[in-house]
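Hello,

Here is the structure I promised to pass on. Have a look at it first, and my notes follow below.

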Amino acid sequence: DAKSSGPGNLRVFHPSLKESIQSRIDFESALKEALEKKQFFLCYQPQVLASDGRTVCLEALIRWQHPTYGLVMPDRFIQLAESMGLIALIGAWVIDSACEQLARWRAMGFEEVRVAVNLSAQQLLDPDLEETVTRALERSSLSGSDLELEITESVLMQDPERSIERLSALRKLGVRLSIDDFGTGYSSLGYLRVLPVHAFKLDRSFVRDIGNGGKDLEICATSIGLAKNLGLEIVAEGVETEAQMQQLRTLGCHLLQGYFFAKPLIVEAASHFLTSCSHKVLMPPEEMQMTL
Ligand code: C2E
Ligand code: MG
Ligand code: MG
Ligand code: MG
């Protein structure tokens, strides 16, 4: 069997090992070339006000369109890009493109929207990030508050002291900052209080079961209350149903994002959404009317 044979026979017993190493190498070299070959593009997912349904933010979500791999989603390549040292360049491209696109939307008359961009761990720690952001804003004649940067709670909690420093530096540029996937990163309350951010994005795992009478409703309610007590905004991710939407509005969540409103959209579809839906007025739920 494999144990009794020498390393020279490995090939016989693991015929797929060489192949899988080769396919990994191929995937990596494809990723290395993706930026230059203009294979990345951004989709945009609207965040709407819970009070009246107006779109106030569009989150940029990267996609990789490859001739043979097809459409590759970020969960399959962002971490790899980090480990290959490619994330600074890809990340800068995302920031630049999102700002450019927002400038186009502004020129089309959508004055109220901003864009949000996701940052990876390495990007947050990169001392060149301020320069990248500043230049992107300048190039598109935008101000800091037109751009929001999302950092996951687990990344922030890897080194909270350092994160506070980095967030403070970014905040000086006037950009908005939010904690992504809030509730999944084991934040201590002490740090949450001092992280210089503007908003929490409640992770979609809590939103999913909000209507099922379980503990997730309590978690959502508590998170919304905590954000409010800290003077922060709260965005619910992954809102897929009308019931979830109504529940979150009743709980006083500020912003809503999810398939119920729109999936991540290519630019043309996002423009269409802004045109047709940005003034779609949500009726206040009865509970809300009573507390207003
Ligand atoms: P995220 O920032 O938490 O983004 C939300 C993810 O949930 C997106 O997946 C989005 O398509 C998905 N989503 C939105 N609404 C719903 C919903 O109602 N139901 C369900 N089931 N899913 C929903 P996506 O686009 O595959 O992105 C995955 C993650 O990849 C993002 O999570 C973000 O952490 C990362 N990512 C995306 N774009 C970038 C980027 O440009 N740079 C970096 N560093 N990370 C990115
Ligand atoms: Mg995000
Ligand atoms: Mg998220
Ligand atoms: Mg996520």
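To start with a term: donors are N, O and S atoms within 2.8 Å of the metal (3.2 Å for Na, K and Ca), and sites may look incomplete because water is not among the atoms. This is a predicted model, where local features need pLDDT of at least 70 and side-chain atom pairs count only at pLDDT 80 or more, while totals for chains, interfaces and linings use all residues. Residues are numbered from 1 along each chain as its sequence is written, ligands are numbered from 1 in the order in which they are written, and side-chain values use heavy atoms, without hydrogens.

**The metal site**

Asp180 bridges two magnesium ions, ligand 3 and ligand 2, which lie 4.0 Å apart. Ligand 3 is coordinated by Asp180 (OD), Asp181 (OD) and Glu237 (OE), at 1.7 to 2.2 Å. Distant parts of the chain are linked here: Asp181 sits in strand E6 (residues 176-182) and Glu237 in the loop between strand E8 (233-236) and helix H12 (242-251), 56 residues apart. Helices (H or I, at least four residues) and strands (E, at least two) are DSSP runs, numbered from the N terminus. Glu237 is buried, at 11% relative accessible area, and Asp181 is partly exposed, at 25%. Buried means under 20%, exposed over 50%, and partly exposed in between (1.4 Å probe, protein chains only).

**Helix H13**

In H13 (residues 267-277), Ala270, Ser271, Phe273, Leu274 and Cys277 are buried. They lie on the same side of H13, because they cover an arc of only 165° around the axis (taken from the directions from the helix axis to the C-beta atoms). Glu268, His272 and Thr275, on the other side, are exposed.

Best wishes
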